[in-house]
Structure formats: structure tokens, C-alpha cells
Amino acid sequence: MNQITNTRPTAELQALDAAHHIHPFTAQAALAKKGTLVIREANGVWLTDSDGNPILDGMAGLWCVNIGYGRHELADAAARQMRELPYYNAFFQTSHVPVIELSARLAELIPGNLNQTFFASSGSEANDTNMRLVRRYWDLRGKPEKTIFVSRKNAYHGSSMGSASLGGMAAMHSQGGLPIPDVHHIGQPNWYAEGGDMSPEDFGLLRARELETAIEQMGEDRIAAFIGEPIQGAGGVIVPPSTYWPEIQRICDAHDILLIADEVICGFGRTGNWFGHETVGITPDIITIAKGLSSGYQPIGGSVVSDDVAAVLGRDDFHHGYTYSGHPVACAVALENLRILDEENIIDHVRNVAGPHLKSIWTAFADHALVGEASICGMMASLALTPDKAARAGFKAGPGTAGLIARDFAFANGLVMRHVYDRLVISPPLIMTTGEIDTLADRVEKTLDQTLARLKSDGLFEPA
Ligand SMILES: *Cc1c(COP(=O)(O)O)cnc(C)c1O
């Protein structure tokens, strides 16, 4: 049906891909040998590969296709905007209708005093903006020494130099000389992996108070901001203990430190509220948005700042901007996406229908012999695989071996499910029906059974 992507047989596409396309986060040589999976089209929650096989998308693309695939209203919005005004910038004291409408709509949707948005084309760019914007803010407030960002180990904030530094991914920091200076990482609120004998509540407080320790060590006058995902996504869908975020909020307030909620995954309905910071009960000074803002139909992100931050920043020039900041086509598509999320009550669907249905099935997976923990918040969920439930042990074969086996079984079962080391992760489109959730659950269960059998037959069901 599509003359660009459907002209060649799969093997030929794979060969060209291997020869000319460098994949993100991939060992190229190994992939070239195996051959990439080519996705040709999608509708609703279903992908179709280049051989016509249907695959259930348990990841909403990459945590982003919140309204599902195939919404022609977004294609029409893009086409209309391209005909009317395909591009214009906001650098020359100029603006245009889609960016104005989208900025105003976001101010309406986002609670509290977060009313002004600086646009980017991705979450990474938006977090880079946050780094520059926050330092500029403290500079203008006469505190130019406040330059340090405190983040968490195993956080994900993007892949550019700045945002990957803000992130706490050890594998990313091991390449290319990251993190850049003045980013400090404290422990993550991952009770399952790191909480030992403590109660989750006590562990949540302990990890939050590492922020206070960092402040004592480096000085309140040096620390600019704390950044965190309300619920860690790429780190393995880590739902923090309930004590964690209120304590972080208390510490930020007590020490005049800006609080940044990275809402790139949690935003736009995924946790059962419009924004993840509502779900965890905090009031950030800045939020990062991307992914679900356009349901991935166009690349767009942004930093939404409080009235206070906006007022200070507005006193003078801010030497920062992207050619595609507030791109009209991306803004028009985002507006249409927000209209659909709102008018079709998709957040209510997550909170009252799809989320509770998935939760009842998902939490029961904790009884499976291979599962040490089943975590879920709204429509993001994970399973920690273990050979020893009581000890919450890892595998003797090393982190990621069991997870990869499970991921490969999932794909073979017609389900896109991701693995983060030995945590299996899903983040399906928010519009998933209860029937489709049942199909997903059947495939997850089959995958767990097959993985357990394989681990046992290969002698890999052994604790580290
Ligand atoms: C994906 C992600 C980013 C980076 O967004 P890109 O659009 O890939 O640059 C930032 N923060 C979080 C929490 C993310 O999940």
C-alpha cells in the first residue's frame, strides 16, 4: 500500500538496512547477522511487519504512541499545516498560530503555575534546555554558583551530552566521557533491587534523604535543581515507595532547589492522570515533556516552567533556541493529539478501565515461579525475573541473560515487550481495550512459561 516502504522483499530491506543504517543503542555487527525486523504499517495497537505478520505493540512504539496508530486526524492536521505554513520560527520577535495555540492549551492542561513552554524537538533537547535555563535562572537571581544538578543512578533523561549526563545510565556514561561536570547522582528508589531488609517506606525515605546529604556535602549555594522521572521508565519501570517523592519535595522546598519532573514518559495519561507528578503528589517548578505530547506522530518536546521561573528568565536575553523550536507542523499535530486524548476521555480510560484491568492481571504474575516483583502504575508495568523469589536474587549467568531470552520469546509470540536487564517492561498504547489486554496477558504468560522452561533446560535457573 505504501510505495516507499513496500517495494522490496524483506531480505533486501534487511541487507540495505545493515549496510547503511546505524541503529540507536544497538550492536550493529550482531544485528546485521541476525537481520532487523522491518515494521511496515500499524493500526490501533497492532503492528504489521514486512512479511505481513501482526504483532501486538506492548511498548507503544517507544513509550510514545499514547492514542494508538492510524489516527488520520493527525495526518490531516499535518497536511493542512504543511500547506498553510510548513515552517516559521519564533526567533525574530515572531510567532505563529500553532505554537501559540499549543502553548496556551498546555497551560490549561498542566496543573498549578506551570504556564510557559520552551519548545524543542525531543526530550533530550528539552532536558538540555532545562540545564541551560536553570543555570540562567540562578544567574539572574544573583546566585551564579548554583550550577549543580542532582539526579539519580539508573535515571533516563535522554541521549545528548547534557541529557545523558543528567541520566544515570552506567552503560551510557562508560562511553564518550560522561557525565559532564556539575551533575551529581544519588541512589534510585528501587526497593526490589536495593532495599534489602528494609521496608519499602523506610527505603523510600532513605533514598530521598541522599539528596539532603548531597546538599550538606556540596552546599545549598551550589545546587541548582533536582531532576527525576516520577516513575522511572527506561530504567525498568521502577515505581518508587510512596514515601519517596513527598520527602524529595520537602527537601527541595527547604533548600531553595528547583524541582524538575521529567514527564517525557509519565505525561499525557500514562499513569492515569494527565501528568505523573499529579500521581506521585508533587508540585515541580519545571516539567519536561515529549513522547506522548504528539503520541510520537511528530518529533516535539518542551520545558514547561513555573510563573516564577518564567518571570526571572524573561528579564533579559536567553541565548538558546533550536531551529525547530515550536515547529508549526509538530505543534498542529500535538494539538490534534491533545484534542483526542481529551475528547475521547482516554485518561479516564486508563484510570478506570484499562489500568485497573491490566493491574489485576499483572499483579497476579507475581505468583509465577520466575517473577520476583510485579510493578505497575497506570499503563506502565514491569516484571523482575528471579531464580529465587525470597532472596530477590539475580541470575548466576549475569544480568540480562534471562531478560533477553524472554524478550526473544515475546517477539516470537507476536508481542513487543522490552527487557531492561532482567526486568520485562510494557508500556502499551493507552487506548488498549480490555480484550486486547487479555491477549497481551496471554502472550506474557506464555513467554514466562517458555522462558522458565528454557532457563531450566539450559541450567540457567541459578541464583547469582
Ligand atoms: C525518552 C526519554 C527522554 C528523551 O527523549 P528523546 O525524545 O528520546 O530525546 C527523556 N526523558 C525520559 C524520561 C524519557 O523516557
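I looked up glutamate 247 first. It counts as buried, at 8% relative accessibility. My cut-offs: buried is under 20% relative accessible area, exposed is over 50%, and partly exposed is in between (1.4 Å probe, protein chains only). The model is predicted, so I kept its limits in mind: local features need pLDDT of at least 70, side-chain atom pairs count only at pLDDT 80 or more, and totals for chains, interfaces and linings use all residues. Residues are numbered from 1 along each chain as its sequence is written, and side-chain values use heavy atoms, with hydrogens and water left out.

**Salt bridges**

Which residue meets the side chain of glutamate 247 in a salt bridge? I found arginine 209, at 2.8 Å from N to O. The pair links distant parts of the chain, 38 residues apart: arginine 209 sits in helix α10 (residues 200-218) and glutamate 247 in helix α11 (residues 244-254). Helices here are DSSP runs (H or I, at least four residues), strands likewise (E, at least two), numbered from the N terminus. Arginine 209 counts as partly exposed, at 39% relative accessibility. I then followed the network: salt bridges link Arg209, Glu212, Glu247 and Arg250.

I noted the rule for a salt bridge: a side-chain nitrogen of Lys or Arg lies within 4 Å of a carboxyl oxygen of Asp or Glu. The general idea is that side chains of opposite charge can pair when their charged atoms come close. By this rule I get 21 salt bridges.

Next I checked arginine 105. It forms a salt bridge with glutamate 108, and the closest N and O atoms are 2.6 Å apart. Both residues are in helix α5 (residues 97-109); they are 3 residues apart, so about one helical turn separates them. Glutamate 108 counts as exposed, because its relative accessibility is 60%.

I also looked at aspartate 408. Its salt bridge is with arginine 407, with 3.3 Å between the closest N and O atoms. Aspartate 408 counts as partly exposed at 36% relative accessibility. Arginine 407 also counts as partly exposed, at 22%.

**Helix α16**

Where is phenylalanine 411? I found it in helix α16 (residues 401-412). At 33% relative accessibility, phenylalanine 411 counts as partly exposed.

I turned to how α16 packs with helix α17 (residues 434-457). The angle is about 135°, and the axes are 9 Å apart. That makes α16 oblique to α17. For these labels, under 35 degrees is roughly parallel, over 145 roughly antiparallel, 65 to 115 roughly perpendicular, and the rest oblique. Axes are lines fitted to C-alpha atoms, for helices over the stretch in contact, and angles run from 0 to 180 degrees between N-to-C directions.

**Backbone notes in the loops**

I found a cis peptide bond from leucine 178 to proline 179, with omega near 0°. Proline 179 is in the loop between α8 (170-173) and β6 (183-186).

Asparagine 154 has a positive phi of about 65°, although it is not a glycine. I placed asparagine 154 in the loop between β5 (148-152) and α7 (161-166). Asparagine 154 counts as buried at 16% relative accessibility.

Is valine 237 buried or exposed? I noted that valine 237 is buried, with a relative accessible area of 0%. Its phi is near 50°, a positive value in a residue other than glycine. Valine 237 lies in the loop between β7 (223-228) and α11.
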